[in-house]
Amino acid sequence: MKVTLWGTRGSMASPGPETNRYGGNTSCVEVRGVDRTVLVLDAGTGIRRLGDAIVEEIRRVDVLLTHLHMDHIQGLGFFEPFFRPDIEVHLWGPSSTGLQLQERLSRYMSPPLFPVRLRDLPCQLTLHDVVSIGSFEIGPFDVEAELVCHPGPTVGYRIEEDGASFVYLPDHEPILGAEDFFGDPEYIPGLGLARDADLLIHDTMFTAEEYPSHVGWGHSSLDQALAFARAAGVRQLVNFHHDPGHTDTELERRVEHAIASDPGVELLRGLEGASFTVGAAVA
Amino acid sequence: MAPRPLEIILARQLASYLAVPILIVDPELNLLFFNESAEPLLGLRFDETGEMKGTEWNDLIRRTEANGDPIAREHQALVRAVEHNEPTQRRSWLHALDGTTHVVDVLGFPLETTAGGMLGAAVAFWEAEKPAAVPVPAEVPAKHLFHSGHPVEVILLRRLFDRLTMPTFAIGADGQLLFYNPAAAPLIGRNFEGLGAVEIREWYAVLQPKDADGTPIAREHHPMYVALNEFRPDFRQFQFEGLDGVSRTVAGVAFPLVGQCQRMLGAVGIFWDEIA
């Protein structure tokens, strides 16, 4: 499968010369199968360009939302396949204890926040609650969803194709309330999902210095993401969900420092536009 | 905005994932949070109210005795938890803002940390006269079993209660003991660490709980068993002999651990020493 980053930023879009390299669009990742099946992970502002790029090629697309914070759904209304009656769109995401996914999404996809209602979209739309389903198949992909540690219902995804595995945890604070990552692996949220993954995209929003004043915000530092990846036996880690205030220079310095300190996991840069091959290459 | 204590953050995140209605207050009885499951009973949405001063939310959410009299301050579950550091189980009549009245059983317990800080209290409450909703078994993908950890609700539960002074037990949906916290170790007579996997029926056979008059309590009448198998909370006082050979009298409430999407994850028991 091929994994491409269309939006890497957390919280809010932050375009500008100082964020050009790591990118200013919010979370959106394309996963392309060997048979050209397309999965879209999250619908941040990066989804607009992705939609334009794939709309003439696809007849079905599956959008897998980790949660419904604005930086993960803001691009929904600008996703071109939504407006094509000949395209089947499947939206997957978590409901809450009191509201179904459709009701939750409709709070954004309706006036006054957005002029077009979810139910009025011209595409063939189907919604799926991932928490009650747990695991499912889409084309060549086996997908698993699991609740993780972030305020409000939030899932992470594990996607496998022919034995290759990719895990997506863009908003995740597994260390919350824990002493360390190595006490009891069964009590680390998301660890089972990420176990032995070939590629992990993980939240690295804060610096180690920033984290103590942001405990409970649902995000991690790069150090924590590396520790989590080591505990899970992950092969490659991509830093993701960059803080909107962190410039390319700062992010690059942090990555270089981590690589130089031999983190025990191959650390790859979460640059907007970057692609990674997991398992078999996609033509 | 000053960061909240870690235990409050954990309590709020845990509550937001549970199907059991939960409300959290600070030591001054100001409302810090209520979860989505509580909203139909309160007739309010937390996203709209946010945190509220004690006087403000007490005016909005009226609780009375059966005859409509206000509950005396000293009998209010949150007051007992915060001011007397005592858990309380009682019945209340909850008059929601939407005009409906709900008969609820309330469990209030203090949020006191093992480090000695009193952070407030939490109440779990449920409709007493309504049949329990039947949850669905938690989905565990078969091929995922070999590396699966606990659901996030169980992880947050343990991380929270390991930091609190309230003795707490959790069993999984399969009846296996998941954990009991350090505060429960003196009641059991042994620390949880080092204890192997124990099923509730084995556990039950070892502790042999009895009523105050010494009559053995049938397993199906024990609060943890009721919570796990009948999907409803239950309260009972009982005595048992700990693993250290000491006989103790405790009161306890157990409620089903029902997570996101009505997934049945097990049961939680909160017990307190009646003698102490």
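In this predicted model, 30 residues of chain A are in contact with 28 residues of chain B, contact here being C-beta atoms, placed from the backbone, within 7 Å. On the chain A side, the elements that put in two or more residues are α4 (130–133), β8 (141–147) and α5 (191–194); helices are DSSP runs of H or I with at least four residues, strands are E runs of at least two, and both are numbered from the N terminus. That side of chain A splits into 14 nonpolar, twelve polar and four charged residues. For the record, Ala, Val, Leu, Ile, Met, Phe, Trp, Tyr, Cys and Pro count as nonpolar, Asp, Glu, Lys and Arg as charged, and the others, Gly among them, as polar. Residue numbers start from 1 along each chain as its sequence is written, and chains are lettered from A and ligands numbered from 1 in the order in which they are written. As for confidence, local features need pLDDT of at least 70 and side-chain atom pairs 80 or more, while totals for chains, interfaces and linings use all residues.

Strand β8(A) also turns up in an open sheet of seven strands, running β7-β8-β9-β10-β11-β12-β13 in chain A with mixed pairing; two strands pair if DSSP finds at least two bridges between them. At the edges sit β7 (135–138) and β13 (266–268) of chain A, each pairing on one side only. From one strand to the next, the twist averages 20°. β7(A) runs antiparallel to β8(A), the two being joined over four bridges, and Glu137(A) stands opposite Asp142(A) in β8(A).

Over in chain B, helix α1 (residues 6–17) packs against helix α6 (residues 152–161) at about 150°, with the axes 9 Å apart. Axes are lines fitted to C-alpha atoms over the stretch in contact, and angles run from 0 to 180 degrees between N-to-C directions. That makes α1(B) roughly antiparallel to α6(B), a label for angles over 145 degrees. Among the residues meeting here are Leu10(B), Leu14(B) and Tyr17(B) from α1(B) and Leu156(B), Leu157(B) and Leu160(B) from α6(B). By class, this contact has eight nonpolar, one polar and three charged residues.

Ala66(B) is in the loop between β3 (62–64) and α5 (77–83) of chain B. Ala66(B) counts as exposed because it has 9 C-beta neighbours inside 10 Å, the cut-off for exposed being 12 or fewer.

Note on methods: Two residues are in contact if their C-beta atoms, placed from the backbone, lie within 7 Å. A residue is buried if 20 or more other C-beta atoms lie within 10 Å of its own, exposed if 12 or fewer, and partly exposed in between; C-beta atoms are placed from the backbone. Angles under 35 degrees count as roughly parallel, over 145 as roughly antiparallel, 65 to 115 as roughly perpendicular and the rest as oblique.
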